[in-house]
Amino acid sequence: MSLPSTSRLLLGPGPSPVSPRVLEALSAPQRSHLDPELVVLLDDIRARLQRVFRASPDSETLAISGTGSSGLEAVVANLTEPGRRALVIVTGYFGDRLAGVLTRYGATVDRLEGEWGRAIDPARVEQALTAKTYDLVGLVHAETSTGVCNPVPEIARLVRAHDALLIVDAVTSLGALPLEVEAWGIDACFSCSQKGLGAPSGLAPVVFSPRALARKVSCRSFYLDLDLLLDYWVRRKYHHTISAPLIYALAEALAEVEDEGLEARWARHRRVHETFVDAVAGLGLALLPPPAERLWSLNTVRVPAGADDAAVRRTLLEQDNIEIGAGLGPLAGQVFRIGLMGTGATTENVSRLVEALGRALNVSRA
Ligand SMILES: Cc1ncc(COP(=O)(O)O)c(C=O)c1O
């Protein structure tokens, strides 16, 4: 058996690189899930998540044991029961996943389909909300399959005016771009540990607003039941054996976010994204979304004519030890997905990647 021994530059759609500080936290001495030294970290994480989500003091925050998809499922499982009417805005692969999970939990789902590579037009959402009554609206803030940022504040206002609950997937936005759960009026939101926050994957931050808590259903999942999870996170009652190393890593990653300052971190992601866009333009490459709709954390770059997308990604991995991602669904073979997120969002990484990408494209065309 051999474990990886070299560090690889992770510039795909996630996971992002883990900082030395977080790596060190992972190897702190083991504690059990109810150890006094472990449970104080749960309090610390709840408080820090509330600040990072910019959520109200009356909201409930915690991290689900699982990846971003477990956060999605936890939000849905606690807010959906058969008969609930949901409108899901589908502008890419992850909007489709959200619609699918809502359907599995018994919601009657209408899909508002948008173009892959464009943000949804809020006027279309208003039309849909006026035409029919919904209990829930689902929206992906940062659509990782297309590199597009959806206009959450505008849509949140509409959803509130129509008295529905807004569920937001912030898997690729938390810690990387502006997200204001309370001020924007988001009711339930989920994310992951492994992207903007810079911890390894395995924990999924979630937040439920007071409005969402008031409309909670009787949860059919034992593992994801918010009441049982709060029994553990708040009242120290055994529910499941949470991973101590992942808790250490998330606590340290959140401390790192706050040491940098959340707004400074957003600004760094923006700056690095803009540097990246200029640098790839120098290689003759273009991004899929129009400038005003682009994510700062995840860039979808069109594969140029004549280039072999798989060969380019293989060359980057084998020659330069850099990982980038492939297109998903209808964008397979059409785009590279390049993540500059968490501690990976640096101008040095942009230079290293763009130089290597130029070489790999030349090899692929030769
Ligand atoms: C927008 C979005 N939602 C949900 C997920 C699912 O997260 P995970 O793969 O951590 O389960 C991802 C994963 O990349 C994502 O980008």
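In which sense do β3 and β5 pair, and over how many bridges? The two strands pair in the parallel sense over three bridges, and the legends below place this pairing among other close-up views of a predicted model.

Because the model is predicted, local features are described at pLDDT of at least 70 and side-chain atom pairs count only at pLDDT 80 or more, whereas totals for chains, interfaces and linings use all residues. Residues are numbered from 1 along each chain as its sequence is written.

**View 1**
Strands (E, at least two residues) and helices (H or I, at least four) are DSSP runs numbered from the N terminus, and two strands pair if DSSP finds at least two bridges between them. A residue counts as buried if 20 or more other C-beta atoms lie within 10 Å of its own, as exposed if 12 or fewer do, and as partly exposed in between, with C-beta atoms placed from the backbone. Five of the five residues of strand β5 (residues 136-140) are buried, so this strand is largely enclosed by the rest of the structure. Both of its faces are covered, with L136, G138 and V140 buried on one side and V137 and L139 buried on the other.

**View 2. V90 in strand β3.**
V90 belongs to strand β3 (residues 85-90) and is buried, with 23 other C-beta atoms within 10 Å. Two residues are in contact if their C-beta atoms, placed from the backbone, lie within 7 Å; leaving aside neighbours within four places in sequence, V90 has contacts that include G95, D96, A99, R111 and L112. V90 and I186 are 96 residues apart in sequence, and their C-alpha atoms are 18 Å apart in space.

**View 3. The shell around the ligand.**
The ligand is surrounded by 14 residues, of which the closest are T67, G68, S69, T144 and V171; a residue is included if its C-beta atom, placed from the backbone, lies within 6 Å of the molecule. Helix α3 (residues 68-79) gives the most to this shell, with three residues. By residue class, the shell divides into six nonpolar, seven polar and one charged, where Ala, Val, Leu, Ile, Met, Phe, Trp, Tyr, Cys and Pro count as nonpolar, Asp, Glu, Lys and Arg as charged, and the others, Gly among them, as polar.

**View 4. The two domains and the contact between them.**
The domain assignment, whose bounds come from an automatic or database source, gives domain 1 (9-15 + 261-365) and domain 2 (21-259). The centres of domain 1 and domain 2, taken over C-alpha atoms, are separated by 26 Å. To their contact, domain 1 gives 25 residues and domain 2 gives 27 residues. On the side of domain 1 that touches domain 2, the elements giving two or more residues are α11 (262-281) and β11 (298-302), and the largest share, four residues, comes from α11.

**View 5. The largest nonpolar core, with L166 and L250.**
A nonpolar core is a set of buried Ala, Val, Leu, Ile, Met, Phe, Trp, Tyr and Cys residues joined through C-beta atoms within 7 Å. Among the 120 residues of the largest such core, L166 and L250 touch the most other members, and helix α10 (residues 244-260) gives the most to this core, with eight residues. Domain 1 and domain 2 both give residues to the core, so it lies between them. Beyond its neighbours within four places in sequence, L250 is in contact with I45, A63, S193, A199 and L203.

**View 6. Antiparallel pairing of β2 with β10.**
Strand β2 (residues 60-65) is mostly covered, six of its six residues being buried. Six bridges join β2 to strand β10 (residues 203-208), and the two run antiparallel; I64 stands opposite A204 in β10.

**View 7. The open sheet containing β11.**
Three strands form an open sheet in the order β11-β14-β13, with antiparallel pairing. The edge strands, β11 and β13 (325-326), each pair on one side only. Five bridges connect β11 to strand β14 (residues 335-339) in the antiparallel sense, with T300 opposite R337 in β14.
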